[in-house]
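Here is my note for anyone opening this one for the first time. Have the structure up while you read, and take the points in order.

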Amino acid sequence: MKASSPPNELMAAWLRAAESFGATAASDFALQTGVGDRTLSGPVTASNGIPAWLRVMRATKAGGRTWEGPALAAATLGDEIPRPALIGEHEWSGPSGSMFQALFWERLTGRVVSRTPDLSEPVALSGTWWTELRDGLEHLRRTAVPEHRQRSHTPGFIERMPRFIPELESLDLTVPAWETSHCDLHWANLTAEPLAIIDWEGWGQAPVGYDAAVLHTYALPAPETAAKVREVFADVMETEAGRFAQLVISAEVIQASERDGLHARLLPYVRRRVGELLASM
C-alpha cells in the first residue's frame, strides 16, 4: 500500500461510500491506494462515533475470488480467528461501467508488524502473540471452505513449478493435501498489540502448511524471526507437506522476482532455502 493521489473516479467512489455509511473523515485525512490503483482505503468515524476503516475496490465486474473473499470470511470464519469485524458492505456500478465494492470495517487498534510484506530486521513479538497466531490458524484450518470457492493454486501453476525450480522436473508434484488457509499471510497483513490477521481477499484452500510457509519465506532476510517461525510451526513445516508448501511459495517468489523489487530482494534468500529443502528430500 502507498499514500498517493488516487484517481478521481475512485476518490469519488470512496466519498460516496463514506456518505452512504454515514461516516466522516478528518479534513486532513490521507488515503492509501492499492496496487494498480484498484483500491482506496482510509480511516473514518462511524455515525456512532466509533473509529472505523473504509475500503473501496474497483473492478470491471462484480464477483470472483477477491471480490467475495472479505464478506465470505466475515460470514464463515469463527471469532476465534483474530481479525477486524466487518460492519457493512455496499456495491454499485459507476458511470464508466466499473463496479465498486465498499467494505466498512472496525478500525484496528494494533500496529502493523511491517510496512512491507517482507522483513529486513527481526521483529519483537511476545510469546502470547505467537501462541494466538498459532491458535487462530488452527481454527482456520479446521473451517470448511464453501464448495464454490476456488483453490489458491491451479494445477497449471503446480505443473509449471520446474520452470522456476528446475530441480523439481523429475519429482512428483502432486499436492500432498489441502487445508483452509489465509493464503497471503505475510508480515504486512498482521498486527501486534493485539494480534489481528487482515486482508482476507484470497482465503480458501491451499497446500497444507502454506500459511506458515509464506510467513517463513517473507521472514528469510531476518534469520532470527525465520527461525522462530520454524520453531512455532515445526510440526507442519518439517513434514513432506510443509516442505512442498515451501517450494510452492518459493516458486511464486522466483516468478515474481522478474517483475517487482520486493521479490527481487527475496530471491537470493529463497534460492538458498530451496537448496536446503531439496537436500532434505
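1. Let's start with a pair of helices. H8 passes H9 in a left-handed crossing. A quick reminder before you look: two packed helices are described by the angle between their axes and the distance between those axes. Here the axes come within 9 Å and cross at roughly 145°. To find the pair, look for residues 240-256 for H8 and residues 261-279 for H9. One caution for the whole note: this is a predicted model.

2. Which residues make that contact? On the H8 side they are Arg243, Gln246, Leu247, Ser250, Val253, Ile254 and Ala256. H9 brings His263, Leu266, Leu267, Val270, Arg271, Arg273, Val274 and Leu277. Sorted by class, the contact has nine nonpolar residues, along with three polar and three charged ones.

3. While you are there, check the link between the two helices. Ser257 sits in the loop between H8 and H9. Is Ser257 buried or exposed? Its relative accessible area is 16%, and the cut-off for buried is under 20%, so Ser257 counts as buried. Leaving out residues up to four places away in sequence, Ser257 touches His263, Ala264 and Leu267. Two of these names, His263 and Leu267, also turn up on the H9 side of the helix contact.

4. Now zoom out to the whole chain. The protein chain has nine helices and 11 strands. Its radius of gyration is 19 Å, close to the 19 Å that the globule rule gives for 281 residues, so the chain is as compact as a globular protein of that length. Along the principal axes, the C-alpha trace spans about 55 × 40 × 35 Å.

5. What about inside and outside? Buried residues account for 49% of the 281 residues. The chain exposes about 13500 Å², and carbon and sulfur atoms supply 50% of that area. As for contacts, take those between residues at least 6 apart in sequence: 71% of them join residues at least 24 apart.

6. Next, have a look at Leu137, which is found in helix H3 (residues 127-141). Leu137 is buried, with a relative accessible area of 9%. Not counting residues up to four places away in sequence, Leu137 touches Leu185, Ile197, Asp211 and Phe233.

7. Leu125 is another one to click on, in the loop between strand S7 (111-112) and H3. With a relative accessible area of 16%, Leu125 is buried. Setting aside neighbours within four places in sequence, Leu125 is in contact with Arg111, Val113, Trp130, Trp187 and Ala192. Leu195 lies 70 residues from Leu125 along the chain, with 9.8 Å between their C-alpha atoms.

8. Finally, one from the outside. Where is Glu159? Glu159 is in helix H4 (residues 155-164). Its relative accessibility is 61%, and the cut-off for exposed is over 50%, so Glu159 counts as exposed. Glu159 and Leu173 are 14 residues apart in sequence, and their C-alpha atoms are 7.0 Å apart in space.

How values were computed
Residues are numbered from 1 along each chain as its sequence is written. This is a predicted model: local features need pLDDT of at least 70, side-chain atom pairs count only at pLDDT 80 or more; totals for chains, interfaces and linings use all residues. Side-chain values use heavy atoms; hydrogens and water are left out. Axes are lines fitted to C-alpha atoms, for helices over the stretch in contact, and angles run from 0 to 180 degrees between N-to-C directions. Helices (H or I, at least four residues) and strands (E, at least two) are DSSP runs, numbered from the N terminus. A crossing is left-handed if the near helix is turned anticlockwise from the far one by less than a right angle, and right-handed if clockwise. Contact means heavy atoms within 4.5 Å. Ala, Val, Leu, Ile, Met, Phe, Trp, Tyr, Cys and Pro count as nonpolar, Asp, Glu, Lys and Arg as charged, and the others, Gly among them, as polar. The radius of gyration is taken over C-alpha atoms; the globule rule is 2.2 Å times the number of residues to the power 0.38. Buried means under 20% relative accessible area, exposed over 50%, partly exposed in between (1.4 Å probe, protein chains only). Accessible areas come from the Shrake-Rupley method with a 1.4 Å probe; for residues, only the protein chains shown count as cover.
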